[in-house]
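Please read them with the coordinates open.

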Amino acid sequence: MGLRKIVDNLKPTFSEGGKLSFLASTFDAFETFLFVPDTTTSTGAHIRDCNDMKRTMIVVVVALLPALLFGFYNTGYQVGMTGFDAFWFGLLKVLPIIVVSYVVGLAIEFGFAQARGHEVNEGFLVTGLLIPMIMPVDIPLWMVAVATAFAVVFGKEVFGGTGMNVFNPALLARAFVFFAYTPSISGEKVWYACDAVSGATALEHMATDGTLGFSTMEAFLGFIPGCIGETSTAAILIGAAILLFTGIASWRTMLSVFAGGLAMGCLFQLTGVVSYPGWWHLVVGGFAFGAVFMATDPVTSAQTDTGKYIVGLMTGALAVLIRVVNPAYPEGMMLAVLFMNALAPLVDYYVVEANIRRRNKRLKPAK
Amino acid sequence: MSSKNFKYLAGPFSANNPVIVQILGICSALAVTVQLKPAIVMALSVTVVTAFSNLVMSLLRGGVPARIRIIVQLVVIAALVILVDQVLKAYVYEVSKQLSVYVGLIITNCIVMGRIEAFALANKPWPALLDGIGNGLGYGLILVIVAFFRELLGSGTLLGWRVIPESWYMAEGGFYANCGLMLFPPMALIIVGCIIWVHRSRNKDLQEK
């Protein structure tokens, strides 16, 4: 317990009256990061659970790892490398993006927490990893920094921090880059970590000539160009299994996003709008990533069970609708999730109202 | 100028700013601030209109029955806006074309009628004129701040002059790119929000409970 002792020895310095008491939030963040807090609620009812927010967030990070590790490999694979070379090349390319995202985001989080005298929120542990995974590998680092700062300040802190945000901060960062620096996140060059290689993504193929451009197995396993962490549906499903097994993400949301996307894809196929099979949409682009890691965000998705089904179905359907109908946006998942983030509270409101009406009806005969 | 009159003139710059405190005239603040030059012209036009409509309505305040005052105000404002529009077309035609309908829409700018109703109808001409100038310039101040950031970050220029060198841009082998979001009105709203944020945190008495 050497570490515990060091932390305990440092504690008075940062507590009230100590020399560095103005850094109390920062110290608290590191202490609770290292050890589960031993304080309990002293009055009223409370639930005993060894799991807290930090441990929850760590599980999400673990669930992201398969997709991230595959992303490292795919970064190298896409420029013609194989085996360990490809993985190492990808690691060196992607690591700076992750570092920038964490450093910028955490600096702002710590700054705000310190200024407000709050505890540092845990949410950025996940957001900081999500942001690099939905960026193209060729993105300039300063854009990652600007987008992260925008997402944390305007997506989260102005609303009051983690738990109060209307929109998913990681997707907001991507949306910012998408609308502010469009050439850096679309087209045929940015998906490759090497200037000499270029090629359309599967989604661009689908939008222009109605083919996948790759075999469906390649698309499912993820050997296709795309954002760093989004290409491999297989690796994302491993993450989904972890999230569902630990009970952290909602299976209702995940299932209904896939169902909504599939239904919409099949509808377009049956009506002859597109010539390719509808389920292709589920394995290309960021669909699986959005369904598993973005739509399930506990803060911004619907809170009621019925609401989760409704929001999930609409997210999936909307994503495919944007992909097919709007040629300017080959990828619709980001906009679909953000749009449904905005509508989720409304859906929840009507679900709750409907429930109240239903139960009121039950009351009437008793009169 | 007495200190009271000076307050009418200077108040709208900060503590009683029409855009960030009274939240009036937001629409045009979003529409005409992509570049600095149209924003400045717009600011001056609105200042002229608020100043003289305030003055005229203050002079007429004894003679206009309360029931038809709105229609009289509209006639005065519309006449002034048409004058401003013709002057802009005569002397700064390019900017006038850029501003397009927004010059005409000064008629609907909430600040103009708001100041007549709230101030000019109950005050003497001289304070009313000062109040009009103050509010016009207070509105213009916000417009210029927003346009400064939008033009600098969105186009890399200021008043049409290149500030960020060409060689910095990615197309020329550099590292920089303009923020395309700055050219969209939503970003103007976010900038106005930031100005309000800074302003409120410096003026504690304006903070809502």
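1. Start with the second largest pocket. By class, its lining has 13 nonpolar, eight polar and two charged residues. The model is a predicted one, and the pocket holds about 430 Å³ of space. Its lining counts 23 residues, and those nearest the centre are A:Met57, A:Val60, A:Val126, A:Asp297 and A:Pro298. Helix 3 (53-78), helix 5 (124-133) and helix 13 of chain A each give two or more residues to this lining. Helix 3 of chain A gives the most, with four residues.

2. The largest pocket comes next. About 620 Å³ of space lies in it. Lining residues number 20, and A:Phe150, A:Phe167, A:Leu172, B:Pro186 and B:Ile190 are the closest to the centre. Helix 6, helix 7 and helix 15 of chain A each supply at least two lining residues, as does helix 9 (185-202) of chain B. The largest share, six residues, comes from helix 9 of chain B. In class terms this lining has 19 nonpolar residues, one polar and no charged.

3. Now the closed spaces. How many cavities of 30 Å³ or more does the structure hold? There are four. The largest cavity contains about 190 Å³ of space. Its lining has 19 residues, with A:Arg174, A:Trp191, A:Thr201, A:Leu203 and A:Glu331 nearest the centre. Helix 7 (169-180) and helix 8 (202-208) of chain A each supply at least two of the lining residues. Helix 8 of chain A has the largest share, three residues. The lining divides into nine nonpolar, six polar and four charged residues.

4. The second largest cavity has about 100 Å³ of space. Its lining includes A:Ile134, A:Leu171, A:Phe289, A:Met294 and A:Val337. The elements giving two or more residues to the second largest cavity are helix 7, helix 13 (287-294) and helix 15 (333-363) of chain A. By class, the lining comprises seven nonpolar, two polar and three charged residues.

5. On to the interface. Chain B and chain A bury about 920 Å² between them, and 83% of that lies on carbon and sulfur atoms. The contact takes 13 residues from each of chain B and chain A.

6. Polar pairing across the interface is as follows. The rule finds zero salt bridges between chain B and chain A. One residue pair is in polar contact, with both residues at pLDDT 80 or more. The side of chain B that touches chain A has 11 nonpolar and two polar residues, and no charged ones.

7. Salt bridges elsewhere deserve a look. Side chains of opposite charge can pair when their charged atoms come close. Over all chains, the search finds six salt bridges. One pairs A:Glu109 with A:Lys156 at 2.7 Å, N to O. This pair links distant parts of the chain, 47 residues apart: A:Glu109 sits in helix 4 (residues 83-116) and A:Lys156 in helix 6 (residues 141-156) of chain A.

8. Last, the fold of chain B. Its secondary structure comes to nine helices and two strands. From the N terminus on, the order is α-α-α-α-α-α-α-α-β-β-α. The C-alpha trace of chain B spans about 70 × 45 × 30 Å along its principal axes.

Note on methods:
Residues numbered from 1 in each chain as written. Chains lettered and ligands numbered in written order. Heavy atoms only, no water. Contact = heavy atoms within 4.5 Å. Buried area = accessible area lost by both parts, 1.4 Å probe. Salt bridge = Lys/Arg side-chain N within 4 Å of Asp/Glu carboxyl O. Polar contact = N/O pair within 3.5 Å; in protein donor to acceptor, adjacent residues only side chain to side chain. Nonpolar A, V, L, I, M, F, W, Y, C, P; charged D, E, K, R; others polar. 1 Å grid on protein atoms, 1.4 Å probe; cavity = no way out; pocket = protein on both sides within 12 Å on 5 of 7 lines; lining within 4 Å. Points joined across faces, edges and corners; volume = space filled by probe spheres on them.
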